[in-house]
Each structure stands twice: as structure tokens, then as C-alpha cells.
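Student: Could we go through this structure together? I would like to learn what the terms stand for.
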Amino acid sequence: MRGSRPTEKIMSGCAISGILNRRGKCFSGKEIMDSIALMHDRSNGLGGGFAAYGIYPDHKDEYAIHMFYDDLEAKEKVDYFLNRHFVILVSEKIPTREVEAINNPPIIWRYFVRPDERKLSESGLEEDEYVAQSVMNINANYRGAFVVSSGKNMGVFKGVGYPEDIGEFYKLEEYEAYLWTAHGRFPTNTPGWWGGAHPFTLLDWSIVHNGEISSYGANKRYLEMFDYKCTMQTDTEAITYLFDLMLRKHNLPLEVAVKAVAAPLWSEVERMDDEEAKLVKSIRAVYGSALLNGPFSIILGHKDGFLALNDRIKLRPLVVAEDEERTYVASEEAAIREICSKPEKLWSPRGGEPVIGLLEGRSGV
Amino acid sequence: MSLNYNNPEFVIERDQDKCIECRVCARQCANEAHFYDEDLERMREEDINCVNCHRCVTLCPTNALVIKEYPLEYKKNSNWTGGMISNIQKQANTGGILLTGMGNPTDKKIYWDHILLNASQVTNPSIDPLREPMELKTILGRKPDKVEFDEEGKVKDLPPQLELETPIMFGAMSFGSISINACKSLAQAANEMGMMYNTGEGGLHEDLYPYKDRTIVQVASGRFGVHQEYLNAGAAIEIKIGQGAKPGIGGHLPGEKVGEEVSKTRMIPKGTDAISPAPHHDIYSIEDLRQLIYALKEATNYEKPVSVKIAAVHNVAAIASGIASAGADIIAIDGYRGGTGAAPTMIRDNVGIPIELALAAVDSRLREQSLRNKVSLVVSGSIRNSADIVKAVALGADAVYVASAALIALGCHMCQKCYTGKCNWGIATQNPELVKRLNPEIGVERVKNLIEGWSHEIKEILGGMGINALESLRGNRLMLRGIDLTEKELEILGIKHAGE
Amino acid sequence: MKKVYAREEYCLGCKLCEVYCVTNHSQSKDIIKAYKLEEVTSRIIVETKGAVSFALQCRHCEGSPCVKACITGAMQKDEETGIVDYDEDKCVGCWTCIMACPFGAVKRDEFGNKVISKCDLCAEEGEPACVENCPNAALIFEDREVEEVC
């Protein structure tokens with residue numbers, strides 16, 4: 001892979017930003033690029049990326065698979081795999097433009113696919129699980145190939161470089177989405193690897209994340225018990241899988257998942273009424289290994305909206321703002337003011353307190 | 001036989017300039033190593049009786065006493081060491097098996113000391129436990145894979161769980177092997193610190209019923225003191241299959257130790273030997289264990305978690321996995337350095353495997369089989385300090401049992417003569433004159449202080465790692481690095497070498 | 001008043017209380033010198049029989065038979081502190097107090113002096129030396145608000 005896949009845990013600092021139009025109106029990628037560009041100093045040019053929801057209305061019922069390939073040989077192998085397991089409706093190069101700061105990109109491809117019906121029914125899996133397993137299979141077993149994103153009507157655009165340069169490279173101003181998230185990366189110890197940039201995704205879930213999870217080793221080994229293979233050595237991958245496990249596989253309400261990853265302190269539990277205390281205690285007992293420890297702020301993107309969350313003692317910055325039809329979230333207030341100078345409301349959520357931005361009419365992520 | 005070939009193990013040195021002949025040493029030595037010679041008008045010593053328990057040294061008001069190893073040297077021989085020779089001479093005298101007490105003292109590798117911990121620098125802030133919350137609460141018991149909700153959306157009850165304020169429990173030590181004052185000290189300390197203590201196979205003395213919410217009642221092969229009320233008195237039940245100090249063999253409490261109270265509590269006649277058979281005679285295989293687990297659950301209305309304690313032996317991972325699928329809620333594994341009140345020396349020093357390797361193997365196996373999150377894992381034998389606990393949790397344990405360390409807090413000086421019943425510290429004895437030497441009011445404070453000190457240290461170490469809840473350390477082997485370990489050892493421990 | 005109470009269930013019979021009593025009532029206040037150079041009698045007595053032992057000392061009781069019995073007025077009960085103590089200069093060594101004490105807490109000086117030896121609760125210090133140095137907290141110094149009357 002361009003810049004090799006790391007073999008040890010990656011440590012990094014970061015900038016994150018997100019914009020949701022709650023009415024579902026789509027808007028160009030220019031604003032999110034401006035917002036993340038303002039926080040230039042929070043990245044070091046070794047990774048930037050964007051997740052965009054609502055960009056493929058013409059293919060909204062198909063899985064949009066974004067891929068990085070090191071070479072054509074890797075692509076041939078994955079093409080073969082996809083052909084066997086999926087019906088490929090579109091297979092095309094993702095358009096890019098020459099940008100001086102962006103060097104040595106991999107082969108960047110996208111497919112719109114449907115699971116092969118016979119294979120799907122033989123597998124006995126739900127459609128989403130079938131796709132998720134295929135994604136993990138490619139990432140774990142196909143050298144030189146990496147699944148960038150795999151959701152419906154959404155896609156991730158990322159690479160090695162500053163996020164504003166990555167946005168320009170992918171011509172994001174030409175895409176229109178109702179939810180954009182962005183990430184600028186500051187890894188301390190890895191050569192830039194295109195796959196290692198954020199957002200990290202699985203199906204519709206995308207995560208951008210600022211921080212370092214000191215519980216990574218515990219989270220990773222917990223996930224392995226549920227057949228997740230953490231191969232990227234990044235916190236973001238583990239966080240994505242944790243949410244996928246709890247929300248999709250265990251079918252838990254979002255607020256339960258939040259109480260698992262940012263569990264209320266025991267001292268707070270003592271002040272809760274019996275019913276709430278029992279709920280929180282049960283979650284903590286069962287999902288203790290899903291607790292995310294250490295400093296983080298994350299934006300979990302999904303087709304219905306986003307969840308923004310800080311670690312429970314707020315060791316990383318996170319600011320939220322709202323205007324008439326949009327919700328903004330970013331590492332720094334200035335990154336919001338840059339694109340919305342006078343929001344109606346602007347606040348800094350408390351540690352562990354989730355901020356949920358939803359499309360109108362949706363009840364939960 | 002006319003001549004005893006054994007030489008003293010220790011020599012008592014008395015500084016006559018300091019000695020005031022107050023005779024505290026003579027009054028305090030149950031082994032009669034000190035006596036006052038009326039003719040010579042001074043204190044004298046019987047070195048051969050000395051076990052080096054330090055009782056006299058500690059109580060001597062003028063620091064006139066020093067105990068040293070008997071300086072007699074054998075001709076240098078790495079194979080036939082002095083210890084080997086004197087063991088043979090002892091056996092040639094008596095024809096008996098060599099008995100000993102406490103844990104394996106041999107100089108085999110202690111893996112805890114070859115594991116180093118991590119700390120945060122720059123990329124991740126360390127957390128100051130004096131300023132920020134730091135959570136050690138630990139919940140033991142069977143966990144479902146996911147939380148379930150009823151039709152009204154209310155969370156369904158979990159199976160019974162034990163809640164600990166710190167990941168430490170007092171390991172099984174029976175009333176009989178230790179004194180009632182030692183039991184009371186541990187029970188009350190557990191109660192006040194939000195921990196658990198374990199009755200061992202001694203039944204539950206009525207003085208300990210006030211602490212029942214903090215009691216794990218043990219059911220072992222002798223079934224001493226086991227009845228409906230006993231089972232229901234505790235917060236959890238532990239089936240003892242084995243003990244790290246003596247895997248594969250049973251227990252033997254000599255009749256001299258079975259006085260009135262021990263007899264009542266164990267439900268056996270006074271003065272009779274209490275013999276725990278080597279196996280449970282109703283458990284000859286794993287399916288029998290399942291039946292006992294469920295018999296105990298039935299007897300307690302499924303309200304108590306059931307733990308199964310085994311010694312760490314060669315195929316411990318497979319055994320633990322079997323225990324997990326047999327329905328145990330907690331698996332306790334006792335390593336080969338674990339303590340005992342009495343064990344044959346050859347077994348203590350040669351049977352079983354180190355707890356560090358057993359723990360790593362069991363945790364990995366349970367994870368491979370997706371069982372680890374369902375059961376809790378408790379390890380013991382031997383946990384010597386808070387760093388050992390942190391390393392155990394990072395290797396995969398939920399909590400630890402400490403026993404020897406708690407006894408040391410109560411006064412034990414590791415003389416390893418528990419089996420004689422002459423414990424000068426009032427711990428491993430039933431002699432009323434000796435038992436009263438351990439004032440439980442003092443004992444409780446000392447044990448609590450130890451646990452408090454360790455808990456503070458665990459918080460400091462966690463904070464340094466940038467972690468503020470113990471769950472995030474559990475099984476987090478990335479926080480560990482090995483030093484001076486072979487590839488194979490690192491592989492079993494599942495950790496990288498320092499520098500990697 | 002605060003008095004020394006023995007808890008026989010924790011008494012080791014080690015007699016360290018006697019050692020520290022002697023030291024505290026010596027001129028030198030040094031254990032080794034007190035024993036090797038001075039002649040000091042312990043004012044606390046450890047009674048031992050089999051497994052039972054406890055330390056005994058003057059109860060400083062109301063009614064104080066020793067005070068009543070004293071023929072020279074050497075033995076006095078301090079009205080304010082309640083401590084029963086005696087004046088060495090006035091003592092003639094008649095030992096009537098020893099016969100009068102119902103507890104057996106007054107004893108002869110072991111070195112043949114005329115004066116008797118009894119507990120003064122280490123009146124000049126805070127906690128009596130026997131209590132402070134008991135290794136098993138078998139002696140406690142407290143006010144139980146129950147007067148022992150003789």
C-alpha cells in the first residue's frame with residue numbers, strides 16, 4: 001500500500017469538523033473544506049479526509065464501495081472477489097485533479113454494487129452483515145487493497161496531505177451532501193499511509209476522531225471476540241467497530257451505546273434514580289470493555305445524522321453550534337465561525353454528554 | 001535413633017549489653033527458643049527451636065536480638081545443597097513426608113518482575129488521580145453478550161454480580177487453618193473496604209455472619225460446614241477444586257487444631273482430623289462439575305454467582321474453558337506460588353505453573369472462544385504488590401485474590417511453619433494463648449491500610465497510563481512490555497518486548 | 001476520670017507494660033540505664049495464669065481504702081484529678097495501704113526501700129507509658145464514667 005500499512009499502534013492528534021443540514025438539503029463540499037482548513041495547524045500534512053452523505057442519489061440503493069489499490073494486480077484480485085460476491089453496476093475511477101501538495105496517490109476506484117442474491121441467501125446473513133464481512137475480508141486478506149468506504153449514498157474521500165489539499169484533489173466542491181464530516185491528522189510516528197487517514201468507515205458508519213484512546217488494547221481484544229479484525233492499528237477503526245457492534249449487531253439504542261463508550265462516572269450513578277442507575281450499571285457491567293478511555297472527541301456520521309461525543313472528563317476540545325437549518329460541530333469555535341459567523345446557539349458540550357444531530361423526522365441514529 | 005543429625009537453621013544473637021532480662025522474648029516464643037537461666041542469671045537461647053518468625057525481635061524493647069541463618073557451611077556443591085542434605089536427614093529421622101507452609105520459595109523465574117508497564121507522554125495526557133476521578137470498581141459475575149430490554153424498554157436483570165470497590169479480594173483461608181481473630185480481621189476489613197473475603201473450606205463461624213454480604217463461602221471436597229444456611233449466607237459460592245500450593249492433593253487439618261469452635265463450625269467431632277479428599281468424590285469429570293454448579297445455584301435460588309477455583313496446571317486453558325462452559329460465573333486460578341497452611345514440600349515446590357503464564361493462556365483461550373466476556377477471571381498466587389495487580393489486570397484478570405500479603409499485614413513474617421500450629425503472631429494457630437496475640441481491631445486497620453495503599457498506587461499507575469477506569473486496562477496487553485524474556489515466553493504472555 | 005483499663009482477651013502477658021512503666025518512672029528515662037543502673041519497681045503488675053493474663057494497676061477508686069488506712073497522711077487522693085498518689089517523704093513504709101487495697105494494686109518496692117510502689121497514671125505525661133507501649137492495645141486509657149467505689 002502507498003506508505004506501508006503500520007504494524008504498531010498509531011498515535012495522533014487531530015482536527016475534526018462536521019456540518020449537517022437537518023432538513024436534508026444538500027450543499028457543496030466547499031464549506032467543510034474552509035472549516036477544516038482553518039484548523040491547518042492541528043494537522044501535519046500526513047492525513048486528511050472527508051465523509052459525505054447524500055452524494056449518490058442516483059445509486060442510493062446500492063452499496064458505494066470506495067477503494068484504494070497499490071497496483072493493478074491488487075485491483076484484479078478484488079475485482080474478481082467482488083464479481084463473485086456482488087453484482088457490480090458501476091466500476092469507475094474516482095475523478096481527481098492534479099494538486100501540487102498531493103503526491104503518489106494509489107489507484108482510487110469506486111463501485112456501486114448489490115450483493116449477489118444466491119451468495120447472500122447461501123450465507124444466511126443479513127445484507128449489511130454480508131457486506132461488512134466482505135469489507136473486513138478484503139482489508140485483512142487482500143494485500144495492496146483497502147476499502148475506504150462501503151455505505152449507501154455516501155462516500156469517503158481521504159489521503160495523505162493536508163485536508164484542504166485532499167478536498168481539492170478530490171474536487172469535493174463538485175459533490176453535494178446533507179452531512180459532511182472532515183478530519184485533519186497529526187500522527188506522530190507513521191509514514192503517511194492513504195488508508196490510515198480518517199474518516200474510517202464500515203457500512204454507513206463513518207468516524208472522525210481527535211485523540212488517543214488509551215483503552216485501545218482492551219477495546220481491540222474485546223472486538224475480536226465478536227469477529228472484528230482490527231488491522232489498521234488505529235483508534236478510529238476500533239471506535240467504528242464498537243458502534244457497529246452495539247448499534248447494528250446488538251441493536252441497542254444510541255443512548256445506550258453512548259453510555260457504554262463514555263460511561264457516566266460511578267459517583268454520578270450514585271446520584272441517579274434506581275431505574276437509571278440499574279440501566280447504567282448493567283451497561284457498564286456488560287460493556288465495560290467498550291469503554292473508551294483517554295482523551296477523545298469524535299463525530300460518528302450516519303445516514304440519519306451524527307453523534308458528537310467527548311471523553312467523559314473532556315480532555316479534548318469539541319464545540320457545537322446551530323442555526324436555522326444546520327448543526328455544526330468542530331474541534332475549535334473558529335472553525336465554525338469561519339463558515340457561520342453568527343450561529344443562533346453555540347456551546348461546548350460537557351465530557352461524556354452526547355450531541356446528536358438528526359435529520360428532521362428521524363428518531364435516532 | 002540416638003543422634004539427630006539436624007543442625008539449627010538459625011542462630012539467635014543476643015547483645016548482652018542491651019539485654020535487660022525482661023524476658024519478653026521467652027514469654028513470646030511458643031517454640032521455646034529463649035529461656036532465663038536462673039543460675040547464670042541471664043537469658044539464653046535454644047537455637048534449634050528457632051523458626052525465625054521475628055516475634056522476639058519485634059517485641060524486644062532494647063533491640064538486643066538478631067536472628068541469623070546458622071552459619072555452618074557445607075562443602076560447596078550446586079547439586080547437593082545444604083537444604084537438600086538437611087531434608088534427607090529430616091526424613092531419615094522420621095520416615096515422614098516433608099511438610100511446609102506458605103508459598104513456593106524457590107528461585108524460579110517470577111514473571112511479574114519481567115513485565116514493565118507503560119505511561120503516557122505528550123500524545124496522551126496522564127491523569128492525576130488526586131484531581132480527577134479514578135475508578136477501580138469491579139463487577140464480577142456472568143455477563144450476557146448484550147444488555148436486553150423488556151417490552152416496556154426497561155433493562156432486564158443481569159445474572160447475580162459481585163461489586164468490588166477495588167479489584168482485590170482476600171483469598172480462601174479457612175477458620176481452622178487461621179485463627180478466628182485473623183478471620184475477623186479479614187472479614188471486617190473486606191466489609192469496610194467494599195471487597196470480598198473467602199471462608200476457605202472452614203465453614204462460617206457465627207461471629208462472621210455480620211459480614212455475610214462480603215463473604216464468598218467455599219465448598220470444597222470435604223464439604224466441611226456446608227449446609228443450606230451457609231450457602232445462602234454468603235454473597236457468592238466458590239467450588240474449590242484445587243489450590244496452587246498443592247494441586248492434585250487434598251487438605252489435612254490435624255485433630256489438635258479442631259477445638260470446640262472449629263468443630264462446631266466444620267460440623268465434625270472435636271479433636272478429629274479434618275481431611276479433605278484429593279478430588280471431590282462427586283466430580284470425576286467436567287459434566288459432574290456442571291451438576292454441582294447447578295445444584296448450588298438451585299440451592300440458592302440462582303441469586304449467588306458461583307466461582308470455581310482451580311490450581312494452575314499444564315493444560316489450564318482448556319480446563320478453564322471447560323469450566324466456563326460448565327456454567328461457572330467466575331473462574332479463580334491459583335498459581336504455583338500460592339500460599340498454604342500446610343503442604344508437602346515436594347508438591348508445593350514442583351507441581352503447577354506460574355500464574356502469569358496461566359492467566360495469559362486462559363484469557364487468550366477464553367477470548368478465542370468468545371467466552372471471556374461471559375465469565376469473570378480472578379487470579380492469585382502470588383500477588384505481592386499493587387504493580388503485580390496492575391500487570392494481572394492488563395494480562396486479562398478481572399480481580400485478584402491476595403492471602404499471603406494480607407497475612408503479612410497482620411504480622412506474618414513468612415517463617416513457613418503454619419502447619420505446626422505454633423504461629424507466634426496469632427494467625428495460623430488455634431492455641432488461645434497465641435490467638436489473642438492478634439487483636440482484630442489492630443488487624444482490621446493494618447489490612448485496610450494495605451488495601452488502601454495498594455488502591456492508591458493502582459490509581460497512580462492507571463493515571464500515568466491515561467486511563468481512568470480499570471475496565472480499560474483489563475486485557476490491555478499493549479500496556480505491558482517484557483524484559484529478559486524469550487520469544488516463547490512473550491508469545492504465551494501475548495506481550496511485546498521492551499523497545500518494540 | 002480517665003483510667004487505664006485492661007482487656008484481658010488481648011493481653012499477651014509479654015509484660016512490656018512493666019518495662020515501660022519502670023523506664024518512665026526512672027531518673028534516666030532510658031530503658032537500659034533504668035534496668036542496669038537504677039532501682040525502679042514497676043507500678044503495674046501483670047497477672048498470668050495459663051492462657052489468661054492481664055495488667056493490673058491502681059484503680060484510683062472513690063473511697064480509696066489506702067488513703068483511709070495511711071497512718072501518716074502520705075497517701076492522698078487529689079480532689080481535682082482524682083489521682084491517688086503518695087508523698088515519699090511522709091511514707092514510713094508501714095505497708096498498711098498494701099493490706100487495705102482490695103485489688104492488690106499497691107506493692108512493696110522491690111529494692112527494699114521503705115516506699116511503696118503504685119501507679120500514678122504517669123500524671124505528668126499525656127497517656128500512661130503502659131498504655132502507649134502495649135503492643136496489642138490490651139490496655140486503654142479512657143473515661144468510662146463509671147466510678148469504681150470501694
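Tutor: Two residues are in contact if their C-beta atoms, placed from the backbone, lie within 7 Å. By that rule, 16 residues of chain C are in contact with 16 residues of chain B. This is a predicted model, in which local features need pLDDT of at least 70 and side-chain atom pairs count only at pLDDT 80 or more, while totals for chains, interfaces and linings use all residues. Residues are numbered from 1 along each chain as its sequence is written, and chains are lettered from A and ligands numbered from 1 in the order in which they are written.

Student: Which helix gives the most to the side of chain C that touches chain B?

Tutor: That is α2(C), with four residues. Helices here are DSSP runs of H or I with at least four residues, strands are runs of E with at least two, and numbering starts at the N terminus. Both α1 (16-24) and α2 (31-36) of chain C supply at least two residues of that side.

Student: What makes a residue on that side of chain C nonpolar, polar or charged?

Tutor: Its type decides: Ala, Val, Leu, Ile, Met, Phe, Trp, Tyr, Cys and Pro count as nonpolar, Asp, Glu, Lys and Arg as charged, and the others, Gly among them, as polar. Sorted this way, the side of chain C that touches chain B has 11 nonpolar, two polar and three charged residues.

Student: How many residues of chain A are in contact with chain B?

Tutor: There are 34 in chain A, and they meet 35 residues of chain B. On the chain A side, α10(A) gives the most, with seven residues. The classes there are 16 nonpolar, 12 polar and six charged.

Student: Why is one side of β5 and β7 of chain A left without a neighbour in the sheet?

Tutor: Two strands pair if DSSP finds at least two bridges between them. The open sheet of four strands runs β5-β6-β4-β7 (chain A), with antiparallel pairing. β5 (86-93) and β7 (145-149) stand at its edges with a single partner strand each, so one side of each has no neighbour in the sheet.

Student: How do you know that β4 and β6 of chain A pair?

Tutor: Strand β4 (residues 63-69) and strand β6 (residues 107-115) of chain A share seven bridges in the antiparallel sense, and the rule asks for at least two. For instance, A:Tyr63 has A:Val113 in β6(A) as its bridge partner.
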